[in-house]
Amino acid sequence: MDSTALIIRTARTQDVPAIRALVEPLARERVLLQKEAVAYYESIQEFMVAEAPDGTLAGFGALHVIWEDIAEVRTLATSSQWRGHGVGHRVLDRLLDRARALGVTRVFCLTFEVDFFSRHGFAVMADQSVVDPEVYSELLRSQDEGVAEFLDLARVKPNTLGNTRMIINL
């Protein structure tokens, strides 16, 4: 399979069923969290997808801005048929390009794929000192679970998948 044949594009609402179908087995394996359909529709503009020549999705990922200079890569996944063919790398590169275009200077992720993200320049976060205390207090007001994970808040500990927090400075 040749990942150069894929089209990396902004997701459309019609992609949501395919995204959910690809997330479902990964959620069963506790690699990703399954979300309700409404959550995907509400955030579809954050997603980039890798579309195969036959129109199926080979992979996808989202970029969620949480503050002026910080965003999170979310729900980055590749279909089992395309895994190991560079799809995730291409999608992540596009998400990081999007972050730069938005003016974001730091991007974090919560992942089991430490080596994958390390190859893109991400480093394991030792603590939250990357966030200014004033910004930290503002972020505490967010109801977003990803922000709570980023801040390592106690309320999300029971739901944590056991993944690693990583960050890159763009």
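Student: Is Thr 75 buried or exposed in this predicted model?
Tutor: Start with the relative accessible area of Thr 75, which is 10%. Buried means under 20%. Thr 75 is therefore buried.

Student: In which strand is the place of Thr 75?
Tutor: Thr 75 has a phi near 50°, a positive value in a residue other than glycine. Most residues other than glycine have a negative phi. The place of Thr 75 is in strand S4 (residues 70-78).

Student: Where is the place of Arg 30, and does Arg 30 count as buried or partly exposed?
Tutor: Phi of Arg 30 is near 65°, a positive value in a residue other than glycine. Its place is in the loop between helix H1 (16-28) and helix H2 (37-42). Exposed would need over 50%, and buried under 20%. At 48% relative accessibility, Arg 30 counts as partly exposed.

Student: How many aromatic pairs does a search of the whole structure find?
Tutor: A pair of aromatic rings is described by the distance of the centres and the angle of the planes. The search of the whole structure gives a count of four.

Student: What kind of pair do the rings of Tyr 40 and Phe 47 make?
Tutor: Their centres lie 6.1 Å apart. Planes under 30 degrees apart count as stacked and over 60 as edge-to-face. The planes here are at 55°, so the pair is tilted.

Student: Which strands hold Phe 47 and Phe 60?
Tutor: Phe 47 and Phe 60 form a tilted aromatic pair, 6.4 Å centre to centre with 50° between the planes. The pair ties together parts that are 13 residues apart in sequence. Phe 47 lies in strand S2 (residues 47-51), and Phe 60 in strand S3 (residues 57-67).

Student: Which element gives the most to the largest nonpolar core?
Tutor: This core has 25 residues, and Leu 76 is one of those with the most contacts inside it. Among the residues that Leu 76 touches are Phe 60, Leu 92 and Phe 117. Elements giving two or more residues to the core include S4, helix H3 (87-102) and strand S5 (106-111). The most, six residues, comes from H3.

Notes:
Residues numbered from 1 in each chain as written. Predicted model: local features only at pLDDT ≥ 70, side-chain atom pairs only at ≥ 80, totals over all residues. Heavy atoms only, no water. Phe/Tyr/Trp six-rings, centres within 6.5 Å; stacked < 30°, edge-to-face > 60°. Helix = DSSP H or I, 4+ residues; strand = E, 2+ residues; numbered from the N terminus. Buried < 20%, exposed > 50% of the residue type's maximum accessible area, 1.4 Å probe, protein only. Core = buried A, V, L, I, M, F, W, Y, C linked by side-chain atoms within 4.5 Å. Contact = heavy atoms within 4.5 Å. Lists of a residue's contacts leave out its neighbours within four places in sequence.
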